[in-house]
Amino acid sequence: MFKIRVSTILSSKILYRNMLKIRLKRALMVIAFAYSQQALAWSADHISIVGVDEGEDIAQTINDRYAVVHHPNKQLDHLLPVINDRTSVPMSKQARQFSSRVSYLNWLESQYPWNEIKLSGLLRIGDRSPEIHEIHSRLTLLGDSETSIQLSGIYSSDIAIAVRHFQRRHGLEADGVIGPATLKWLNVNPQRRAKLLTINMDEKMDYMANLGPRYLLVNIPAYELLLSDNGEIALRSRVIVGKPKKPTPILSSEIKSMVINPSWRVPRSILEDDLLPKLKLNGDFINQRNFTVFNYENKQVERTADEWEVLAGGTFPYRLEQMPGTNNALGRYKFYFPNNFSVYLHDTTNPKLFNNTNRALSSGCIRIEKVDELADWVANSLVDNKSLWTRLKISRNTTKWFPLNDVLPVHLVYWTAWMDDSGLSQYRDDIYALQR
């Protein structure tokens, strides 16, 4: 039988005692049905009854806000759904974790009210709010808190630990401050969470089943790149992707070349939206950023700074190309793959932006934080002329394309919810509004 660790009582509405005892028994039956007989193996460390007083017998539960909670948001192997050998197809561990989590969220939706929490401002450790209790309850129900529910209304350090855990699972800055972004996710009800997880995990599992042992995968809402080699993760890196007005496309292609010290031919849209406004204010911008200007006959054009400022306010019938060097927007490396959107994977001159939680900042290309590690892996694995590569690595001004001796598949995907390698459910903002 279950060994139950109980937390704090929320109120004492004695008139509801008998009715709620029936509801609790019904809830336990649902859980038991969902997880079959293996649920009986749940340990005391992984189950709480929210809304039950410390030391009180389950049969005496009297509050209408209780819930059975599995900690710490992990689906342990022995809790996963039973596979019937005669009727079921084999399921991976991740598929069983996903199924188990969705079952729990759907059960939670049927048992626990999830009304919108409203705050008048930010909440930090030591602040008081009548909503603290509800926030802590949700953190417990979602598996982010293991501490007992308190009635004081004070935002304690224990709750802040849970908030940081919750923030990390949602791609937020783990600062423990409850602001609009954290509150938005706290108000996402279990039904919506289950739906997001189902939509994205169904797509992810189908997609991953068709990948080979070697590939690059960028999950755009997660701002993350994975390199798989021989079926193992060889590199994991933060990335910067396209802003909502210039989104990174969802596509699959193959990297066929890597460029060291690339030049950058500026796309017309970036020229008009980003560079010409700067040029109108500062005619020296072209020289300061090491740009060369060409006309449509591909002949180099030179003007004074004052003349460039005037021309930038007109039709500007020229194109810009930024020469290799420390100012080049593509940095040291560019990874080329054919596509209809003129996007690449590349380095950056502003690595500080990788510390931002919102990294939808580019004009569609993907900037890689661990670009040196990726370039070295590609050079060692897929470049024939390694001696030339080694010599050019000490240069910042010589551009060289290195064709690869085998293609490297690259996949740009868009998944806003998934089960991670440790069995935690992860959620991210729908930055391009594709899943609303």
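Welcome! Begin by selecting N219 and showing what surrounds this residue: leaving out residues up to four places away in sequence, N219 touches E224, V413, Y414, W415 and W418. Keep in mind as you look around that this is a predicted model. Now colour the strand that holds N219, which is β4, residues 215-219. Is N219 buried or exposed? Its relative accessible area is 6%, and because buried means under 20%, N219 counts as buried.

**Stop two: from E224 to I240**

How far apart are I240 and E224 in space? From C-alpha to C-alpha the distance is 8.2 Å, and the two residues are 16 residues apart in sequence.

I240 belongs to strand β6, which covers residues 232-242. With a relative accessibility of 0%, I240 is buried too. To see what surrounds I240, select L353, F354, R359, L361, S362, C365, I366 and R367; these are its contacts once neighbours within four places in sequence are set aside.

**Stop three: a pair of helices**

Now switch to a cartoon view and pick out helix α2, residues 93-111, and helix α6, residues 190-209. Their axes are 8 Å apart, and the helices pack at an angle of about 160 degrees.

Show side chains to see who makes the contact. On α2, select Q94, A95, F98, R101, V102, L105, N106, L108 and E109. On α6, select P190, Q191, R193, A194, L197, T198, M201, D202, K204 and M205. What classes of residue meet here? Colouring by class, you will find 10 nonpolar, four polar and five charged residues in this contact.

**Last stop: the whole protein**

Of its 436 residues, 48% are buried. Among contacts with a separation of 6 or more, 68% join residues 24 or more positions apart.

Finally, colour by pLDDT. The mean is 83, and 79% of the residues reach 70 or more. Where does pLDDT stay under 50? Select residues 1-88 to see that stretch, for which the model has 169 contacts beyond four places in sequence.

Technical notes:
Residues numbered from 1 in each chain as written. Predicted model: local features only at pLDDT ≥ 70, side-chain atom pairs only at ≥ 80, totals over all residues. Heavy atoms only, no water. Axes fitted to C-alpha atoms, helices over the stretch in contact; angles between N-to-C directions. Helix = DSSP H or I, 4+ residues; strand = E, 2+ residues; numbered from the N terminus. Contact = heavy atoms within 4.5 Å. Nonpolar A, V, L, I, M, F, W, Y, C, P; charged D, E, K, R; others polar. Buried < 20%, exposed > 50% of the residue type's maximum accessible area, 1.4 Å probe, protein only. pLDDT = per-residue confidence, 0-100.
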